[in-house]
Amino acid sequence: MYLYSLTLQRATGVVCAVNGSFVGGKTQEIVVARGKTLELLRPDEAGRIQILHSVEVFGAIRSLAQFRLTGSQKDYLVVGSDSGRLVILEYNVAAARFDKVHQETFGKSGCRRIVPGEYLAVDPKGRAVMVAACEKQKLVYVLNRDAAARLTISSPLEAHKSHVICYSVTGIDCGFDNPIFAAVELDYSEADLDPTGQAAADAQKHLTFYELDLGLNHVSRKWSEPVDNGANLLVTVPGGGDGPGGVLVCAENFVIYKNQGHPDVRAVIPRRDDLPAERGVLVVSAATHRQKSLFFFLLQTEYGDIFKVTLDHEGGERVKELKIKYFDTIPVTSAMCVLRTGFLFAASEFGNHALYQFQSIGDGPDVEASSTTLMETEEGFQPVFFQPRPLKNLLRIDQVESLMPIMDMKVTNLFEEETPQVFTLCGRGPRSSLRILRPGLAISEMAVSQLPGTPSAVWTVKKNVNDEFDAYIVVSFTNATLVLSIGETVEEVSDSGFLDTTPSLAVSLLGEDSLMQVHPNGIRHIREDGRINEWKTPGKKTIVKVGSNRQQVVIALSGGELIYFEMDITGQLMEVEKHEMPGDVACLDIAPVPEGRQRSRFLAVGSYDNTIRILSLDPDDCMQILSVQSVSSPPESLLLLEVKASTGGEDGADHPASVFLNAGLQNGVLFRTVVDMVTGQLSDTRSRFLGLKPPKLFSAMVRGRQAMLCLSSRPWLGYIHQGRFLLTPLSYETLEYASSFSSDQCAEGVVAVAGEALRVFTIERLGETFNETVIPLRYTPRKFVLVPKKKHLVIIESDQGAFTAQEREENKKVFFEATGIGENGTANNGDQMENGGGDNDEEKDPLSDEQYGYPKAVSDKWVSCIRVLDPRTGETTSILELQDNEAAFSVCTVNFHDKEHGTLLAVGTAKGLQFLPRKSLIGGFIHIYRFIDDGKGLELLHKTQVDGVPLALCQFQGRLLAGIGPVLRLYELGKKRLLRKCENKLFPNTIMSIHTYRDRIYVGDIQESFHYCKYRRDENQLYVFADDSVPRWLTAAHHIDFDTVAGADKFGNIFFARLPQDVSDEIEEDPTGGKIKWEQGKLNGAPNKVEEIVQFHIGDVVTCLQKASLIPGGGECLIYGTVMGSLGAMLPFTSREDVDFFSHLEMHIRQEHPPLCGRDHMAYRSAYFPVKDVIDGDLCEQFPSLTPDLQRKIADELDRTPGEILKKLEDIRNKII
């Protein structure tokens, strides 16, 4: 079995982010690392985040840093990854990609303890970069430029020290003196040798300064001083004339300013009132804002509170005071970037990322801790308390959806739409959600207005070519035409010159400033000064079809006669040529006039005899047929689109302008082909089934480029994104007719008619595969099941160390009553409370949990609930909170033998579960619920105590199978509790998944891969007849067929395990079912072993697997979801020649285009097990972004043309989504 692996939704979580001027010039961009992809983002004028570039690096990105050589206009990007190499990238604006400037190898690949890459620090003046490991090794590279102003890099200088753990590294700002790097380190050499554990308890962290002597070209340890053992993060303080230099050490509960030869300046981090005393406060991310005269730091704690830190210093020398002031609270981030344009980009740890705008820089009164008011008491330092409040200094203006982490996923067509929906459980704690993903682009609807009848068509026209916005919307009905003028409002007008007593066939702008209306009986040409010229049809004939651009008009009369008009110099419309077609014309279109030309050369005519003809409009050979293309069904609609000469045309290559002929056929297929600019010949045809209605094609503007709207049973958009042509459905209802729309409220929209309504909408972010509907949840979701027939979802959610919803509500009430009075200790606090109190009356919930996180409880307290949800309305029909410290971990629906109750719900829970110091629990339970109110509610039948955590439940032959720790047990339903029928205690560790098929049971062990079991009814015995010889730490499992299961492990690999065919047959034919052999066993294991037939390293922990087809009539694939929030698919190949083609293509791209971060592609995909029988579609899909020469070179070696390879890539992608 060969599989094609393709990422459908790139990872959405962010590991790290840096900002800088990578494009060059005044703008600032953000580079984010999403696990194994690198993205360049930029907020546009409206404050929406746009993706400029996104690239797979086939390696794990661990750290990013940006630097600029003195005097240059552009920043370079340094990437620390698992490749054992330091890579410096520069963004190439012309080719819109990152180019590798340097790649320096220093160690082995993989994320290892002593191989650098985990930490990066850059000298603020861009003269050196330090790359450090978690332990022992640190390397410094000196950066410079040569005579041609190119970046040069030295060989590495070592600053190693063994038995030292590193926590954080940063570059110190010391102007143009020798570069200095600071690190927080812990020496464990004594703790290693001391068996009593005393030395480990006394181990002390140190802040160490390393100096790079540029003259001697060597690195020395310059200064070292003990620092708090809670120190976890260093922040560079501006120096060299702009400030005092040195570092801020962020430690547990404190921020300390340190510098060589300077006394410590320490201030306490304010803490929330409701925080339990045992919990400390740690800073998790930091951002610095510096202008010429002032600088401040924003530090965010693990609870999401942001503090503004300012230093009071004398002329860049001594620091007198360090102040920490409460700034705002936003969800916890993994990285924050402050942009010069007044934006704060927050890359959230879980849930959606956000872009905030600064409303102020926090100069107003707020809770503040200062080094001068630090009070020491017997217990330690006096804490300062504050209460979170709604945003005051920041305003959220955009957010980027993030699915991270996907906890569980099901693909099913619950809503009876054309394509199935993907239901995912995402997020953590208060930011959890159920997201319903549909393939397609998101739409935002601007306006819907009812019309007096059912319209047949709609157009928009400008009054003058140079106008920015459209002047009229023209709507045609069966017997009339309605003209609406666009201004502040849209209203009907009657003085436009259009004939309104007849339906229209086309309305457009002619020449510079005149309008044309084509109706069945003629052409009406409305001049700019109001004069009207009419052309009437000869005799009884009527006009049936029309095609036009700004200079040319072609009409088709009934009977198949074509008449061609052209504008002359005076602006008159002149008849040029007539031509008889052999039969009626089905559709026609003229290409747009190319720049610098008088007329367009091509006319495309579709006939009912299943052909499309290209006719010439040149005066020399007017109406001559240049080429004919036969198609599978009569064409319904034609569109000739010109792609401008550019880099990144239709297929991303650099090529001259070309014209594409698009045809929508009556059988629902979109047919695309290239028209040769000189001869008019057609080549490189592609087709794709769009839906059950014949597609109608329209040209529209998207992001300033020509795009194509195809309206079939659902709308599609064909557009160019990052050099690739994409054809994506829009998540919107069926539309009849559309036109692009531009007004001052909506610069790039679409106006369309459907039913009796006129709709105006815009298209949201381009390049997305899915758009989502979000339903918020209460706690971290763990698993969910679909209730068959009723189409409800049952979701189990649980969280550790939080309060139940009821307790939170009570605490909130108490808090609001307290704030009303405002008697809360210090006067400072009192003021703040009243400020907060004033706002409470207007807003319903000023402290939303999503924004502020849950109040923290003691860590061994669990909260959990079982929720029944109707996905169609998105409402929760029932929610059960579990009481006294019980948490749900598994769920399944089960039909027992006695049909008395019908479908029941089984939920496995644990009470008082603790993981530290070692795993312990008070008890496990299996709850049995029955559905009431037509499946909308739950009622507890009974609960059965068990001796472990039931992590896996499954129905089997009218009974319930439960995996409880290492025991597989079979239960019957009793009146008061579940009754044990049979068990097998021989599993190695903990059962985490159970699947059944016919009489086989596939059990997944948390550490030891899969076990295949059988149940013998007559002897009432469960026994294992086959297992895996490879230890696998399973995170997800799915049953594929009778002999095969797919699994994923916690190191990011996906594998398929299959029982060999002969063994399988032998077991099925054996009257004992392999039981005699089982009693002998092999190596303490089962008598038979499964083979692993597929191996592939995804590079991201896979949490859920499912077999499904995402498109109607498409092949079944294995869909997976990961912790970083990505979705991917693995499609089995159907033919051997496809396998050969793609494996050769993959091999050539591997050699010619190695990954950006220096990781070997083959080694990456074989990180744990050699890759077997999987072709990496993500690598193959980089083919369109290669240079044209490289594309031709690879294509020649494969005996194909680049066009054929692109067509193959497009075809296989269309099979998946």
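What follows is a chat about a predicted model.

Biologist: Hi! What should I know about the model before we start?
Modeller: This is a predicted model, where local features need pLDDT of at least 70, side-chain atom pairs count only at pLDDT 80 or more, and totals for chains, interfaces and linings use all residues. Residues are numbered from 1 along each chain as its sequence is written, and side-chain values use heavy atoms, with hydrogens and water left out.

Biologist: Thanks. Is strand 56 buried or exposed?
Modeller: Strand 56 (residues 635–643) has eight of its nine residues buried, so the rest of the structure largely encloses it. Buried means under 20% relative accessible area, exposed over 50%, and partly exposed in between (1.4 Å probe, protein chains only). Strands (E, at least two residues) and helices (H or I, at least four) are DSSP runs, numbered from the N terminus.

Biologist: And which strand does strand 56 join?
Modeller: Strand 57 (residues 658–665), running antiparallel and joined by eight bridges. Pro635 stands opposite Leu665 there. Two strands count as paired if DSSP finds at least two bridges between them.

Biologist: New topic: what is the order of the open sheet of four strands?
Modeller: The order is 28-29-30-35, with antiparallel pairing. Strand 28 (333–338) and strand 35 (394–400) are at the edges with a single partner strand each, so one side of each has no neighbour in the sheet.

Biologist: How many bridges hold strand 28 to strand 29?
Modeller: Five, in the antiparallel sense, with strand 29 covering residues 343–348. One of the facing pairs is Ala335 with Ala347 in strand 29.

Biologist: Let's do charges. How many salt bridges are there in the whole structure?
Modeller: A search finds 77. Each is a side-chain nitrogen of Lys or Arg within 4 Å of a carboxyl oxygen of Asp or Glu.

Biologist: Which residue does Glu1210 pair with?
Modeller: Arg686, with the closest N and O atoms 2.7 Å apart. Arg686 counts as buried, at 10% relative accessibility.

Biologist: What about Asp363?
Modeller: Its side chain meets that of Lys308 in a salt bridge (3.2 Å, N to O). Asp363 is in the loop between strand 30 (353–358) and strand 31 (368–370), while Lys308 is in strand 26 (residues 305–313), 55 residues apart.

Biologist: Are those two buried or exposed?
Modeller: Asp363 is exposed, with a relative accessible area of 58%, whereas Lys308 counts as buried at 9%.
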